[in-house]
Amino acid sequence: MSSNSFAYSEQSGGGEATELGQEATSTISPSGAFGLFSSDLKKNEDLKQMLESNKDSAKLDAMKRIVGMIAKGKNASELFPAVVKNVASKNIEIKKLVYVYLVRYAEEQQDLALLSISTFQRALKDPNQLIRASALRVLSSIRVPIIVPIMMLAIKEASADLSPYVRKNAAHAIQKLYSLDPEQKEMLIEVIEKLLKDKSTLVAGSVVMAFEEVCPDRIDLIHKNYRKLCNLLVDVEEWGQVVIIHMLTRYARTQFVSPWKEEDGLEDDEKNFYDSDDDQKEKTDKRKKSYTMDPDHRLLIRNTKPLLQSRNAAVVMAVAQLYWHISPKSEVGIISKSLVRLLRSNREVQYIVLQNIATMSIQRKGMFEPYLKSFYVRSTDPTMIKTLKLEILTNLANEANISTLLREFQTYVKSQDKEFAAATIQTIGRCATNISEVTDTCLNGLVCLLSNRDEIVVAESVVVIKKLLQMQPAQHGEIIKHMAKLLDSITVPVARASILWLIGENCERVPKIAPDVLRKMAKGFTSEDDLVKLQILNLGAKLYLTNSKQTKLLTQYILNLGKYDQNYDIRDRTRFIRQLIVPNEKSGALSKYAKKIFLAQKPAPLLESPFKDRDHFQLGTLSHTLNTKATGYLELSNWPEMAPDPSVRNVEVIELAKEWTPAGKAKKENPAKKFYSESEEEEDSSDSSSDSDSESGSASGEQEEEGDSSDDSSEDSSSEHKSDSESASEVGNKRTAKRNSKSKRKRDSEDGENENEKSKTSDSSNADSSSIEESSSDSESESESESESESRKVTKEKENKTKQNINPLTKDVSLLDLDDFNPVSTPVALPTPALSPSLIADLEGLNLSTTSSVITVSTPVFVPVKTHVLLHRMSGKGLAAHYFFPRQPCIFGDKMVSVQITLNNTTDRKIENIHIGGKRLPIGMQMHVFNTIESLEPEGSITVSMGIDFCDSTQTASFQLCTKDDCFNVNIQPPVGELLLPVAMSEKDFKKEQGMLTGMNETSTVIIAAPQNFTPSVILQKVVNVANVGVVPSGQDHIHRFAAKTVHSGSLMLVTVELKEGSTAQLIINTEKTVIGSVLLRELKPVLSQG
């Protein structure tokens, strides 16, 4: 709504934006050939102008176009400086789009993104949940190790945010931080543990993803949340469901006993069906008594079943693999219909689903037999899908359906797709092997294919026939003769080699044909393929041993040809055969057994499915698809022999909540409590096993009925959608809230009022998103109070506090009042105490202005005389240059740091025309150069001034120092202390400003040094030597305060040295510029620690 109203109010500005864009484009397309090239140089100039416009409508239009460019895959990185300037825009729509852009390019443009880090930190406290979440996403996208502590603090704060959307983004940021710095693992596990307790469906999937990434082995974190995750599963967004289901599959394999053992035994006993009925019944009863499924195991199977109807293929596949791996075998059959439904999806989904069906169909043929026709090949299927369907049809083939399948295969063989036709012939061969009744039929069909015009089909048929004939060679002499005739026409090497091998193996059965074949082969030996040559040699050796009269000379001729062949394999084989079959003096003992070696009985080849060994990988994983273990694959463990203790999953929520009921009000609440608890017990007694289970089950049921829209909302959906889903879930939460004590209701109403007061401060265009926070506060505060109730020691104290603080509010406020989203009525009823001190600090922090009246620049306390080498006289061919920082405001610009350069001529000749040449400055950095020096006399010296805007960073300014004849590359890198200007302020103002710069804006460390190093004069000397700071008068001897502001942005830098007992002190730095603050802390610590 807000974006629409904004668009109408800015219609006049929109016209101006269009004109701006048109003007810019007209200037960048001049006529003539040159325009073709110049348009590339200025293609984004119009966008830059629009981003620098004063009109929000122009900026909004520019940002929409830029985000559109990114969506199309175009590179918009060069617009980063222009876009990042608008990160502090007041317009909420512009701000959202800027953050979308920054998330995309923050990793590439890290230095520039670091300059705006203070803006991101401020945005983490923005009233709009979308801005808070976007700021966290950008912050976690800047992959620089130096900001790891800042990211860690941001994630911790976001994990406790009232908005579930922000908490979801905190879970996403955990994975990014872990990949950047794995040493943070322990602290991240604490955050994951906290987020796993979250009751929001929006957070569940993301935190489980973080769990899988950071600590998948910490099963103990899942115990208490197992039932909650099972019950929330239906309402979690789709990709979250996939992650949770895979994690719960692994969990179930470690915590429950196998449901398969007893069934395996029963299947074996089915053979004894005609045994005595009484005996059979006794055996069955014994087994049934010995195995009882854990209620939690049943809960998981029951709650995942509805997801087989999901529109998302990945969810259906995840549920299918869960049923395959953890459910009883009698229940697995229900997944087959859902998997077959997925075959109507696009080819990529079909490929994965068919691979998994192929694996399943090897072990459980009966599951997919009713859907046999679904696996028939279509003419439009790509080859990869056709091959997989053939694989499944082969697995499902049996005596009953083989005749139908063979007719289908006859059609496939005629396909124009030769690869598919060849695969079909292989399939016919496998069917002939597996089903003995059709072996002859298949063989005859394959022999008919030998007369096919297509050479590939004939070649594949020869190879398959060769394998089939190995099983019963004595019966098929005619086929071998027929194949021998084909040698004249077939040219495919594999087929020719197969025929020769077959004739060689059966040379005694075709005594007239074999020698003639050898004769023909000997003629063209030199032109044959290497594979065929090897088989010719083998055939010659076999015929030499069985029919030496006819083939002796032929074999010797072939051996002589092979002796001088180019391929060393053939030469080696020739030598080996000659020594083995031709007896001479050198022949060893092996020549006696030559006939047994060459004509030994070979075992028939085993035609197996390529999917036979894939079942040891979890179905639906990349490892299963590739048939090799992929990086990050987590193996399914074997079922435990004894089930671990199931009580670890018990969560006693209801009993603990009763302790919160105030004694005086217990009587009023009792009838309602009794009513709800009884109805729940009646509804859930058949399904659930524990109190906590029944409570969470009813909650999820209500969500399923009333909050269906929340399933479909994604991360980036509009805030309007989110408000609908949040309010829907709020209704469900209010029903369960009625069972809780009045103190909990008081607590909820106070939190709701706080949220209303906070949402008042937000922009009018942000009404929808502030109402989201308002609605979410009801359910969130309830979950907070429940989690607090777990600590039994402090319940009474909290009860008393609740009574004292909230009594004035409870008269007119009820849970139903929180339904009122009208922001007009809320300010009237709220007394001032509703704003908590922390909320007031947050709101003041948002309005923090750097141009406060207390900040006045003072003169430097101390100017160090240390100089830095800019150009050595050896490198500069006699010209030497040094620079130092005079710690004075720069005359060339108020954002520039003043730098003085001393030039020396160490030669005996005049150096002329000394000036600054080419500059290579980081984006945003500016430099004011000194005027050209006409000449510098021998042994002469001159000092000049420059101004450099370092943009509050310690990046190097690189440029060229040039003379008349040469140019030298030089660099100036500022110490962090020189990026500051000293500030004069009172102790009271210092404390006030320091109070606004807490939390993530504060860094501190402990210093250990000798007591003599902690005297006021020594501390002052050491601090001002490192940094250009001013001294703040202090009323306490043990606390020393210093203040400064950054030159570029004017952000305050507050330094405190607080002396502790003994020889320790604490160094604290407060600043919005946290990167500079942490660098200054690192530089001050060793200086203050030294003697």
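This is a predicted model: local features need pLDDT of at least 70, side-chain atom pairs count only at pLDDT 80 or more; totals for chains, interfaces and linings use all residues.
User: Let's take a pair of helices. At what angle do helix 26 and helix 27 cross?

Analyst: Helix 26, which covers residues 418-434, and helix 27, which covers residues 439-449, have axes that come within 8 Å and cross at roughly 155°. Angles over 145 degrees count as roughly antiparallel, and the two helices are therefore roughly antiparallel to each other. Helix 26 passes helix 27 in a left-handed crossing.

User: Which residues make that contact?

Analyst: On the side of helix 26 they are Ile-425, Ile-428 and Ala-432, while helix 27 brings Thr-439, Cys-442, Leu-446 and Leu-449. Sorted by class, the residues of this contact of helix 26 with helix 27 divide into six nonpolar, one polar and no charged.

User: How do helix 22 and helix 24 pack, by angle and distance?

Analyst: Helix 22 and helix 24 (residues 383-396) pack at an angle of about 20°, and their axes are 9 Å apart. Angles under 35 degrees count as roughly parallel, so helix 22 and helix 24 are described as roughly parallel to each other. The crossing of these two helices is left-handed.

User: Which residues meet there?

Analyst: From helix 22 the residues include Tyr-351, Leu-354, Gln-355 and Ala-358, and they meet a set in helix 24 that includes Ile-385, Leu-388, Glu-391 and Ile-392. By class, the contact of helix 22 with helix 24 has ten nonpolar, four polar and three charged residues.

User: You listed Gln-355. Is Gln-355 buried or exposed?

Analyst: Gln-355, which is found in helix 22 (residues 347-363), has 2% relative accessibility and therefore counts as buried, since the cut-off is under 20%. Leaving aside neighbours within four places in sequence, Gln-355 is in contact with Leu-388, Phe-611, Arg-614, His-624 and Thr-625.

User: New topic: what does Leu-322 touch?

Analyst: Leu-322 lies in helix 20 (residues 313-326), and, not counting residues up to four places away in sequence, Leu-322 touches Ile-245, Thr-249, Leu-300, Thr-304 and Ser-327. Because its relative accessibility is 0%, Leu-322 counts as buried. Leu-322 and Leu-619 are 297 residues apart in sequence, yet 8.6 Å apart in space, C-alpha to C-alpha.

User: How many residues of helix 30 are buried?

Analyst: Helix 30 is mostly covered, with ten of its 13 residues buried, and among these are Arg-496, Trp-501 and Gly-504. What covers the buried residues includes helix 28 (455-469), helix 29 (477-485), helix 31 (513-523) and helix 32 (530-546). From first C-alpha to last, helix 30 (residues 493-505) reaches 18 Å, close to the 18 Å expected at 1.5 Å a residue.

User: Last one: what do the buried residues of helix 11 pack against?

Analyst: They pack against helix 9 (117-123), helix 10 (129-141), helix 12 (164-180), helix 13 (185-196) and helix 49 (1074-1089). The buried residues of helix 11 include Val-148, Met-151, Ile-155 and Ser-159. Helix 11 (residues 148-159) has twelve residues and reaches 16 Å from its first C-alpha to its last, close to the expected 16 Å.

Methods: Residues are numbered from 1 along each chain as its sequence is written. Side-chain values use heavy atoms; hydrogens and water are left out. Axes are lines fitted to C-alpha atoms, for helices over the stretch in contact, and angles run from 0 to 180 degrees between N-to-C directions. Helices (H or I, at least four residues) and strands (E, at least two) are DSSP runs, numbered from the N terminus. Angles under 35 degrees count as roughly parallel, over 145 as roughly antiparallel, 65 to 115 as roughly perpendicular and the rest as oblique. A crossing is left-handed if the near helix is turned anticlockwise from the far one by less than a right angle, and right-handed if clockwise. Contact means heavy atoms within 4.5 Å. Ala, Val, Leu, Ile, Met, Phe, Trp, Tyr, Cys and Pro count as nonpolar, Asp, Glu, Lys and Arg as charged, and the others, Gly among them, as polar. The expected span of a helix is 1.5 Å times one less than its number of residues. Buried means under 20% relative accessible area, exposed over 50%, partly exposed in between (1.4 Å probe, protein chains only).
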